[in-house]
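Dear colleague,

Please find the structure below, handed over for your use. My notes on what was found in it follow directly after.

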Amino acid sequence: MKKSVNVKELAFKIAPLITLIVLSGYLAIVSENFLHFDNLMNILRQATTISLIAVGMLIVIITAGIDLSVGAVMALSICVMGIALKAGITNPLLLILICIATGTGMGIINGLLLTKLHLPHPFISTIGTRNISRGLALFITGAAPIIGFPKIIEVPGSADISGIPLSFIIVLIVYVCVHLFLNHTVLGREIYSVGGNKEAALLSGINVGKVLTFVYGFSGFMCASAGIIYVGRVGGALPLAGTTADLDAIAAVIIGGASFFGGKGTVWGTLIGVLLISVIRNGLNLLSASADLQYVVIGLVIVIAVFVDVLRTKVEEKAKRMAKA
């Protein structure tokens, strides 16, 4: 009996990868363009922005939290950078620092709203900062895109190395770093502890408030980083950038095996989740499906992923009870 439970756990773990392989195989059959090198590199290129946002979302969800402000924070970060450019600041490093400071600052505010003002749930605080960030991005830009950034800022989002998008190489480097951070540092283990059992983490001496502030600050940092890649990819700062980033990031993280209940999640599972969503979007485009249909499909994917998360949690709890018996 114990062996069958382990098989179920393994099935839950590899299901996203199997789904990605099966879906890719299906699209390769129904669309002759899917396996073209340019199309595959386009999938990777378009996945980079959400990949960076999703890895920040992953850490938030590991703590049993959620960040609904990610897309708006990305937009605000690049728009503030654009306003700085229009104000006469042309130093690329200074512009990048302004972007990073804006995103990280908004993330820290999200954390402080939870830990200092004790708002009851991050859903409430981050939906508030989402509206604030989006509104500010539209207000300071007059709802118009800002172009003309120094070319070096656009390089990470637009350059290729032997045909492979530099932005995706950056994503892989970031994911390796975050994997090492989560699994080989004290703070990384504390993040899992807070998500697994917050009361136990407090009793064991972990400063939960600082951990949560760091987590949301990191999410904001990754939003700004994703924004820099976005500027390079589209050639400017758009105040309506990232309108679906929150749903895509949440879906990718949950599909990748993280739990809404906290304490679980890996960067590699998240990467598979991002690629699965990117392949779904690319496949719908290749099949000439309506853009509106993408919202329906991604929404269904989220519902299914959460349902699987609930089933997975029940299986794991059952396995624990049997192990204790």
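A residue is called buried when its relative accessible area is under 20%, exposed when that value is over 50%, and partly exposed in between. Please keep in mind that this is a predicted model.

By that scale, C177 is partly exposed, because its relative accessible area is 46%. The cysteine sulfur closest to that of C177 belongs to C223 and lies 18 Å away, too far for a bond. C99, in contrast, counts as buried, at 0% relative accessibility. For C99 the closest cysteine sulfur is in C79, at 9.6 Å, which is again too far for a bond. A disulfide requires two cysteine sulfur atoms within 2.5 Å, and a search of the whole structure finds zero disulfides.

I turn next to the helices. Helix α2 covers residues 37-62, and its 26 residues should span 38 Å at 1.5 Å a residue; the C-alpha atoms at its ends are 35 Å apart, which agrees. Just after α2 comes A64, which takes a positive phi of about 70°.

Helix α10, residues 208-234, contains 27 residues. From first C-alpha to last, α10 reaches 39 Å, close to the 39 Å expected at 1.5 Å a residue. This helix is mostly covered, with 21 of its 27 residues buried.

L10 is placed in helix α1, which runs over residues 2-30.

Where is P145 found? P145 lies in the loop between α5 (122-141) and β1 (146-147). P145 counts as exposed, because its relative accessibility is 53% and the cut-off for that class is over 50%. The C-alpha atoms of P145 and G82 are separated by 8.7 Å, although the two residues are 63 residues apart along the chain.

With kind regards

Notes: Residues numbered from 1 in each chain as written. Predicted model: local features only at pLDDT ≥ 70, side-chain atom pairs only at ≥ 80, totals over all residues. Heavy atoms only, no water. Helix = DSSP H or I, 4+ residues; strand = E, 2+ residues; numbered from the N terminus. Expected span 1.5 Å × (residues − 1). Buried < 20%, exposed > 50% of the residue type's maximum accessible area, 1.4 Å probe, protein only.
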